[in-house]
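Visitor: Please show me the model, and then let us go through it together with a few questions.

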There are 2 protein chains.
Amino acid sequence: MKESSTKTPYHHGDLPSALRAATAELVAERGPSGFSLREVARRAGVSHAAPAHHFGDSKGLLTAVAADGFGQLNTAFAAAGEGVDDPIERLNAMGKAYVRTAFDFPGHFGVMCSGDLIDHDNETFSHNAERAYETLLQAIRDVRDAVNPNLDVDAAATLTWSMVHGFAVLSLGADNKVDGIEHLDHRIDQFTQLLINGYAAR
Amino acid sequence: MKESSTKTPYHHGDLPSALRAATAELVAERGPSGFSLREVARRAGVSHAAPAHHFGDSKGLLTAVAADGFGQLNTAFAAAGEGVDDPIERLNAMGKAYVRTAFDFPGHFGVMCSGDLIDHDNETFSHNAERAYETLLQAIRDVRDAVNPNLDVDAAATLTWSMVHGFAVLSLGADNKVDGIEHLDHRIDQFTQLLINGYAAR
DNA sequence: CGGCCGCAGTTGCCAGTGTCAAGTTGCTGG
DNA sequence: CCAGCAACTTGACACTGGCAACTGCGGCCG
């Protein structure tokens, strides 16, 4: 997300990045409710008030991590859409990318979902989030153009996003390590099939 | 969910119920992260350790409230399906009932969604939750019988649940008080249309 | 009818938390 | 070389969840 800058900016090296990383790790380990500013500071090897200096308060730090998560999602979307010409295949690939990102960055995803404790009005957060949604919108417009000009793009986008998001949350809740990610990929294939059938009708 | 029992069981009257109610109210006001055992106790007019006596710890109380929420959902499902013969109409009504329940009991719903801080292995919680899912499964079996015998019921159920749940979460996040509930009903109508089209195909 | 046992609820304590204010450290530009 | 400022630390305060020990009331058994 952020490469180490050439001119080491201050004492620690890059404390903000270290704090974001520690937060993601901690949330991945103990869940959002196990997060604490002081524990993050401890893991980064700094004093308990250091995080506040960079992120204001706990909501600020979590919001930054959530924004990073949407950043990851955006790059995953871009990679998934790369060179895929068929709009349906692209939508399918994006769905898989979404779920895969949730599994690859459970800490980030956990924070992104804990609506209450992040600041949705934060600029870079909402920018990243809207960019992801805009990418989905465009993918669905492409599906509309290819499949059914009467498709209500807004409704389909909300439906698709809700579905993938809900599915990712439910899948992360259950223990899907056993079944593995390819089982989820298969599920996404089924969902895409069902959705596209619905979108194509009439 | 629980009528006041005729024989007042102990000092307070019915402290557990009062604590559940206070919890739901508090979460509705301040969100799950604004919840605190002590504030709940304060609102119920008891000492700060009283909740622990009935619910063990904070996770215990929140789990009980989440279980209540699923109870509400079950009664809403039952009421929505009552006397509706067409399986598609029934599924549609259930979707609306889900969203409406989320809006009518935002405290309960907020707790139900905060996966991290409730105990998913709790008996009555998982019982209520599975009952709700089973109701959905049956509704989808009815759709399959009416519309497409080849429909994969499990996949369709996961898809439907994910969709409605995701939609409810996203709708609660946004400020949909302006648009009103009938706008959401309309959205559910659209979604049902799209889903049924998908389910009916081939 | 009386004593006692148990449960509902309380009080007090401890470690830990977020946040704020005031201090300290060390790089940087003039 | 030194002033200033950004990056951090230290210390304090109010609050939290959880535990242990306490009180007091009701019902039950003798």
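Visitor: How much area is buried between chain A and chain B?
Guide: This is a predicted model, in which local features need pLDDT of at least 70 and side-chain atom pairs count only at pLDDT 80 or more, while totals for chains, interfaces and linings use all residues. Residues are numbered from 1 along each chain as its sequence is written, chains are lettered from A and ligands numbered from 1 in the order in which they are written, and side-chain values use heavy atoms, leaving out hydrogens and water. Buried area is the accessible area (1.4 Å probe) that two parts lose on being put together, summed over both. Carbon and sulfur atoms give 67% of the area buried between chain A and chain B, which is about 2300 Å².

Visitor: Which residues of chain A lose the most area to chain B?
Guide: Contact means heavy atoms within 4.5 Å, and the contact takes 30 residues from chain A and 30 residues from chain B. Together giving 23% of what the side of chain A buries, the residues that lose the most area to chain B are A:D116, A:L159 and A:L194.

Visitor: How many residue pairs are in polar contact across the interface of chain A and chain B?
Guide: A polar contact is a pair of N or O atoms within 3.5 Å; within protein, one must be able to donate a hydrogen and the other to accept it, and residues adjacent in sequence count only if both atoms are side-chain atoms. Across the interface of chain A and chain B, with both residues at pLDDT 80 or more, the number of such residue pairs is eight.

Visitor: How many aromatic pairs does a search of the whole structure find?
Guide: Rings of Phe, Tyr and Trp (its six-membered ring) pair if their centres lie within 6.5 Å, and planes under 30 degrees apart count as stacked, over 60 as edge-to-face and the rest as tilted. Over all chains, the number of aromatic pairs found is 10.

Visitor: Why do the rings of A:Y133 and A:W161 count as they do, and what is the pair called?
Guide: The centres of the rings of A:Y133 and A:W161 are 5.7 Å apart and their planes stand at 65 degrees, so the pair is edge-to-face.  Ring pairs also link A:Y133 and A:W161 into a cluster with A:Y98 and A:F109. The name asked for is therefore edge-to-face.

Visitor: Is A:W161 buried or exposed?
Guide: Buried means under 20% relative accessible area, exposed over 50%, and partly exposed in between (1.4 Å probe, protein chains only). A:Y133, at 28%, is partly exposed, whereas A:W161, at 10% relative accessibility, counts as buried.
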